Amino acid sequence: MLGCGNSKLSMDMYDTGFRDITNIDISPVAIKKMIDINARTRPDMKFLQMDATSMTFGDESFSVALDKGTLDALFVDDTDDTKATVERYFKEILRTMRNGGRYVGISLLQEHIVNYLSEFLPKNNCMLRIVHCLDVERANKEKNTDDSLSLPVFVVIATKFKNLPMPILEFGLGNDKMQRFNSTMELINAVKSVQKAALVCNGLARSSIAGHNEVTLDLYRATEETPRYTLHIMDQPPARGVGKYAAFIVPQGREIEWLFATPAGRRKLQASAKYQRLAVVTLHRDQVYSTLDEVKSELATSITNLAPAGLTEQIPYLSLGSEVGKRETLISGFSKISGDFRIEEVEADGKTLRRLIFLSNQFVVQSEALVKTVKIKGKKNRKKIDFGYLACHHHLYMSVGVQLATSLQSPKKDVQKDVLVIGLGGGGLCSFLHSALPQTRITAVEIDPIMLEIAEQYFELKQDNRFHVVIDDGLAFVERCRNEDLHFDAVLFDVDSKDLSLGMSCPPKSFLAHEILLHIKEIIGPKGLFMLNLVCRDETLRAEAVANLQQVFSAVCCYKLDEDINEVVYCANDDKYKTVEQWKKQMGNAGRGLNCAIREQKLANEDTLDVADFLSELKIE
């Protein structure tokens, strides 16, 4: 026992059955006191006054060297003198240790300590294992009921070998399976991640973050590189009838909904749940979750560690129903343009939804379709896509514009109207327009050929004499249409930016260039309509985008979706759209016409669009 002091550890070990224990300490006072305490009850235990950096024992005298805080006491800073002392300490430990013997040390592993150990021990033929002691932390928390800091405690285990051809580095969380690393940096980062999490937990225990941004944490299994859970923690001020703390588990497939996917949505969830602190838990794809109870059991320790100080009551777990949700991956693929993607089916509110997800932005659904099961007598049930379902709400409001441009401008039903859609995705918008508005002839332009394959194979997109897809760059196609004097009654931009760091994610900035907008103006002519899906978090960029449109088009009108960042912008060259009242009159007729068309084509039995609500939010910038 290195630096025994007045610790009871060796006494407890002796009483458990370990008799051959030698304790050393540099303090003669401590040694005399321990001899007096143990002389009668533990006669075989040795206590010697000795400097651990210059021990008098022979080589290979011991199988185990125990260190309960001596390393931390010696390694107080990162100076050369301190490092020299620590090096003498470990050289003496390794000299007096038999091959196969172990150094077992308890430490807080400050940065300079873990950096030193990860370099020194492997170089001196020691296998290095570091274990995070969760049980020690729990005991300390129970003992210290005040708001004192609870720092993570680690056990360092170094096993001595005669010759170790390659470093062996392992890390463990409590009783979990050990994780083996290839580099010292991975081991150091594992320790740092535990320490950072402890800082967050300590901060949340000691104070409220009400009025500040939420705190987000990813939880990993020890042997995995992808998160299993993501936790969003938020506080609100105390109030009558508001509980102290709860966790809300979001079922699989629901994490993309506004209520769970956005900070504003989660704040609304917290207000309705009525808890001062709420931890919103989302479950990740490519993970398997059996039951809600299993999820609760896995989360229990982490959820408890995030509780406010002094909480004694049981923490309630909230969710939507009693199921963990169902998610099935149909295909995993890769696109050179969009990167890794998934086609998956999830069950939500009794519906089966098929989704296209880009993993670069996996909390945003790129395309979604409602899957219906068709029962065929004497045959196996077949899944079918419901073309009347529009998952992206902005598609409905873009469709109103298409109805206006293709029906009210020239109401002759026997004359087909041409619609250009830049951006296909899973084809949901195009399939809806094709089914609901038989007077339209649709051209969709998609730069990524993989998207067309996905739309045809998984979203039942079908090309015919009224609908065809062109694989091309959207901007190049627009320029070609202008040069070849091709005209469309409606042009729609529904294209996302692949650069997620920008404040405007839809459309890419190049699509709002002055020259491109001039091309669009010529393509739609005096009676056509241009619509775009604008997704902009930066007010300055949004104002710039609208100003660019106003420079080119004589009439610009906007509809901002409720509880969403999507905004549909309508642009026209016709002077009859000068005022918002004129826009509302035309859009009202178009909205009612769209509802009728949807019912006529048997895509829905009720009105899809709330015309009055839509018109109330139309605005001219």
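Residues are numbered from 1 along each chain as its sequence is written, and side-chain values use heavy atoms, with hydrogens and water left out. In this predicted model, local features need pLDDT of at least 70, side-chain atom pairs count only at pLDDT 80 or more, and totals for chains, interfaces and linings use all residues.

Reader: Which residues of helix 13 are buried?
Author: Helices are DSSP runs of H or I with at least four residues, strands are runs of E with at least two, and both are numbered from the N terminus. Buried means under 20% relative accessible area, exposed over 50%, partly exposed in between (1.4 Å probe, protein chains only). Strands 14, 15 and 16 are among the elements that cover the buried residues of helix 13. Those residues, within 449-458, are Met451, Leu452, Ile454, Ala455 and Tyr458.

Reader: Which residue caps the N-terminal end of helix 13?
Author: Look for a side-chain oxygen 3.0 Å from the backbone nitrogen of Ile450. A polar contact is a pair of N or O atoms within 3.5 Å; within protein, one must be able to donate a hydrogen and the other to accept it, and residues adjacent in sequence count only if both atoms are side-chain atoms. The capping residue is Asp448.

Reader: Is Glu446 buried or exposed?
Author: Glu446 is found in strand 20. Contact means heavy atoms within 4.5 Å, and Glu446 touches residues including Gly423, Leu424, Met451 and Ile471. Its relative accessible area is 8%, so Glu446 is buried.

Reader: How many residues are in the largest nonpolar core?
Author: A nonpolar core is a set of buried Ala, Val, Leu, Ile, Met, Phe, Trp, Tyr and Cys residues joined through side-chain atoms within 4.5 Å. Leu424, Leu492 and Tyr570 are among those with the most contacts inside the largest core. Helix 11 (residues 393-408) gives the largest share, seven residues. The core's total is 48 residues.

Reader: How much space lies in the largest cavity?
Author: On a 1 Å grid over the protein atoms alone, a cavity is a set of points where a 1.4 Å probe fits but cannot get out, and a pocket is an open set with protein on both sides within 12 Å along at least five of seven lines; lining residues have an atom within 4 Å of a point. Grid points are joined across faces, edges and corners, and a volume is the space filled by probe spheres set on the points. The structure holds one cavity of 30 Å³ or more. The space in the largest cavity is about 100 Å³.

Reader: Which element gives the most to the lining of the second largest pocket?
Author: This pocket has a volume of about 1600 Å³. Its lining has 47 residues, divided into 17 nonpolar (Ala, Val, Leu, Ile, Met, Phe, Trp, Tyr, Cys and Pro), 14 polar (the others, Gly among them) and 16 charged (Asp, Glu, Lys and Arg). With 11 residues, the top contributor is helix 7.

Note on methods: Lists of a residue's contacts leave out its neighbours within four places in sequence.
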